[in-house]
Amino acid sequence: MPAVRYASSPLLASVTPPWRSKFLVGAIGLGFCVLLGRAVFVQIVATDFYLKQGESRYARTLELPANRGRIIDRNGMILASSVPTPSVWVIPKDFEASPQERKQLAKLLGLSAADLGKRLDENPNFVWLRRQVDEDVGKQVAALKLKGVHQINEYKRQYPESEAAAHLVGFTNIEDNGQEGIELAFQKELSGRNGKRQVIKDRLGHTVDDLGEGVQPVDGRDIELSIDSRVQFFAYQKIRDAVAENKAKAGSVVVLDVRTGEVLALANVPSYTPEDRRNLTGQQLRNRALTDTFEPGSTMKPFVIGLALETGRVKPDTVIQTAPGHINITGSTITDSHPHGPLTVAEVIQKSSNVGTVKIALTMQPREMWEVFSGIGLGQRPQLSFPGAAGGRLRPYKSWRPIEQATMSYGYGLSASLFQLAHAYTVWARDGELIPVTLIKHAEPLPGDSPGVPGVKIFSPKTAIEVRHMLQMVTGDGGTAPKAQAVGYSTGGKTGTANKQEGKGYAAKKYRSWFVGIAPIEHPRIVVAVMVDEPSAGKYFGGDVAAPVFADVVQQTLGTLGVQPDIAVRPRIVVKAEEESF
């Protein structure tokens, strides 16, 4: 083979410039440095970012929802609990279904074909089709075996007592967060704390392995209320029937245990079904017993009489001249429903005389009345773990004119809720003490011989007992509320009837009627307050409209609590009530 003569090739014989080789070596070196810098950035500087990016391709964090706590009554009966229920979701980019299958799916989920199509266009990766469907619906959807359609169990609240306890228990939203009532007031305690679990998933979404131990959920705490479901349901039934019978706008009942201050019932009409809130109105949603305030009318008279007794201005048998049935105060005339003539102080309460009450009230200083009204909680929000409780209105005594002091003595010119009135009447049941009230059951039951939880002294026991006996006269013959007599139990209380305020005046034919009372009289156990708003069936006095509800609720509640009858059991005799002044 002949030798190759490189020098004879023109290409190989040409002289290469030195800068070209240097440029090539520099370019190679620069590329190596860039790669080295990138490697340092990825492996050292931004290592956390790239690790997370890598994990996001295969690692998922699953939320482990905590089970929301139950709401139960004092006897362990469930008022609200969470149950697992299916929710249907879809991955639209994976969804495959024939027109007939799409139609079936939409029908099962309560959607129109257009709504289903719109939802499928919202997001290619994930869309809720319907959350918290019935279990039967979930099974039927699963039976369609549609590609891309999945289900997951969520917790849904159930309310066994339904509309009877709706205003008290409240409800949660779709995310299981409290929106009203106890569900809202105790959201933190009920909700608990969610857990989490990190897993590795394959490309098909199947869980392959766990990453670490995860955090276990902490379930919410059960809330045990002071409410007795039996008393609550009966109270709701009775006020519902009274509202219907009297063609009224609304009604409320409050029942308090005067030994413990526990609320045994708090019912309102109109109500609603917590699990079905479609077409829910504000009228249905209002917890009227706590949120609505009104002029309490004649229910305030016992407190004025109590103050006069306490300060020695009068005695129960002191005679007050109420003739001719009206009195003029600085140009304004205050009247009784009809003239009574001379009445004892006890009869002033029995007959509900405005004139008698005003004459006694005007012997006092405004400050004295204000201190009593303020002492029983008027003008202050109740110390109660419940949203929206109203405090009413009580103006400073320094601004009271004589006519205002006079009208306040029979409940006009100030305002309170029905719950505040029920609380105030614990003064008469507890021998002059105002006790704290609660919606939560006491941890330890009181001994049978215990007088009850301590309270704040408003009146002496002597004064409280004297007023209590006057209240008993109200429910007897010649009083304004004989229909408040309960079979087997002695009762006492005070009627109230007031024109409703409209704008700056009063509506001519719109009334609120109520009765607040105590039973049994000698050894009181409960206070019951009843309010009927705008009765329009012909009767509107509290003794005719609210007192019968009081009597039925007292009889049922005391029987449920195991309180022995204190008077002979005899048929209830309906006696014509004395018309009250308002």
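Just after helix α13, Gly312 takes a positive phi of about 75°. Helices (H or I, at least four residues) and strands (E, at least two) are DSSP runs, numbered from the N terminus. The model is predicted, so local features need pLDDT of at least 70 and side-chain atom pairs count only at pLDDT 80 or more, while totals for chains, interfaces and linings use all residues. Residues are numbered from 1 along each chain as its sequence is written, and side-chain values use heavy atoms, with hydrogens and water left out.

Helix α13 itself is mostly covered, with nine of its ten residues buried. Buried means under 20% relative accessible area, exposed over 50%, and partly exposed in between (1.4 Å probe, protein chains only). The buried residues of α13 include Phe303, Gly306 and Leu307.

Helix α13 (residues 301-310) and helix α15 (residues 354-361) pack at an angle of about 40°, and their axes are 10 Å apart. Axes are lines fitted to C-alpha atoms, for helices over the stretch in contact, and angles run from 0 to 180 degrees between N-to-C directions. The two helices are therefore oblique to each other; angles under 35 degrees count as roughly parallel, over 145 as roughly antiparallel, 65 to 115 as roughly perpendicular and the rest as oblique. On the α13 side, the contact is made by Lys301, Val304, Ile305 and Ala308, and on the α15 side by Asn354, Thr357, Ile360 and Ala361. Contact means heavy atoms within 4.5 Å. The spacing of such residues follows a general rule: an α-helix has 3.6 residues a turn, so residues three or four places apart point the same way.

Strand β3 is the next element. Ten of the 13 residues of β3 (residues 78-90) are buried, so this strand is largely enclosed by the rest of the structure. Strand β2 (residues 71-72) pairs with β3 in the antiparallel sense over two bridges; two strands pair if DSSP finds at least two bridges between them. In this pairing, Ile72 stands opposite Ile78 in β3. The two strands form a hairpin with five residues between them, and Gly76 in the turn has a positive phi of about 85°. Strand β3 also pairs with β5 (residues 149-158), in the antiparallel sense over ten bridges, and Thr85 stands opposite Glu154 in β5. With β4 (residues 127-130), β3 pairs in the antiparallel sense over three bridges; here Val90 stands opposite Val127.

A further group of strands forms a sheet. Five strands make an open sheet in the order β12-β11-β23-β22-β21, with antiparallel pairing. Its edge strands are β12 (263-269) and β21 (492-502), each of which pairs on one side only. The twist averages 10° from one strand to the next. Six bridges join β11 to β12, and Ser252 stands opposite Asn268 in β12. Helix α20 (residues 461-474) lies across β21 and β22 (505-519), running at about 75° to β21.

Within this sheet, Leu256 lies in strand β11 (residues 250-257). Leu256 is buried, with a relative accessible area of 1%. Not counting residues up to four places away in sequence, Leu256 touches several residues, among them Glu262, Val263, Phe419, His423, Arg525 and Val527. Thr426 is another residue that Leu256 touches; the two are 170 residues apart in sequence and 8.4 Å apart in space, C-alpha to C-alpha.
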